[in-house]
Amino acid sequence: MLLIVFTSLALAAQPTKRAKDFVRGGNLYKQNCWMCHGKMGEGDGPADGAFQTDSPALAKRLDPSQQNAMVRVILDGRGDMPSFSQTFGKEDAKRILKWLEDPKPVREPKSKDDQGNKKKKDAKRRRKKRE
């Protein structure tokens with residue numbers, strides 16, 4: 001019993017690294033959708049002309065009452081649009097739709113290597129200032 005309590009406390013104290021829903025939705029869109037639907041969801045992606053049907057403009061045009069149907073299209077695909085059910089789940093599909101309500105550019109999350117390189121560059125810069 002004591003082990004369970006300590007384990008629970010240790011896990012609860014760990015910070016989460018997951019991005020906010022809007023940012024995660026934007027990053028997922030950037031990774032999976034922009035090639036057809038455009039960088040900001042305007043239907044002007046570079047792969048748009050490669051298909052029989054045009055990629056629809058989605059930004060600020062989605063009906064919230066149709067969210068479940070839109071999630072199904074994202075996960076199951078329709079027409080020229082592929083299925084993304086093997087890539088992410090229902091909650092992430094909702095995050096993409098949330099981002100499309102008012103899309104704004106998002107930054108890629110920094111990797112640990114990027115953060116380590118930044119620390120090294122900052123330390124080098126500080127050393128040069130002292131010289």
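Helices (H or I, at least four residues) and strands (E, at least two) are DSSP runs, numbered from the N terminus. The model is predicted: local features need pLDDT of at least 70, side-chain atom pairs count only at pLDDT 80 or more, and totals for chains, interfaces and linings use all residues. Residues are numbered from 1 along each chain as its sequence is written, and side-chain values use heavy atoms, without hydrogens and water.

**View 1. Helix H4 supplies four residues, the largest share of the lining of the largest pocket.** Helices H3 (34-37), H4 (67-76) and H5 (90-101) each supply at least two lining residues. By type, the lining holds 18 nonpolar residues, five polar and three charged. Here Ala, Val, Leu, Ile, Met, Phe, Trp, Tyr, Cys and Pro count as nonpolar, Asp, Glu, Lys and Arg as charged, and the others, Gly among them, as polar.

**View 2. Tyr-29 and Trp-99 belong to one of two aromatic pairs in the structure.** Rings of Phe, Tyr and Trp (its six-membered ring) pair if their centres lie within 6.5 Å; planes under 30 degrees apart count as stacked, over 60 as edge-to-face and the rest as tilted. The ring centres of Tyr-29 and Trp-99 are 4.7 Å apart and the planes stand at 35°, so this pair is tilted. Tyr-29 lies in helix H2 (residues 21-32) and Trp-99 in helix H5, so the pair ties together parts 70 residues apart in sequence.

**View 3. Phe-84 and Phe-88 form a stacked aromatic pair.** Their centres are 5.7 Å apart, with 10° between the planes. Both Phe-84 and Phe-88 are buried (under 20% relative accessible area, 1.4 Å probe, protein chains only).

Terms used
Buried means under 20% relative accessible area, exposed over 50%, partly exposed in between (1.4 Å probe, protein chains only).
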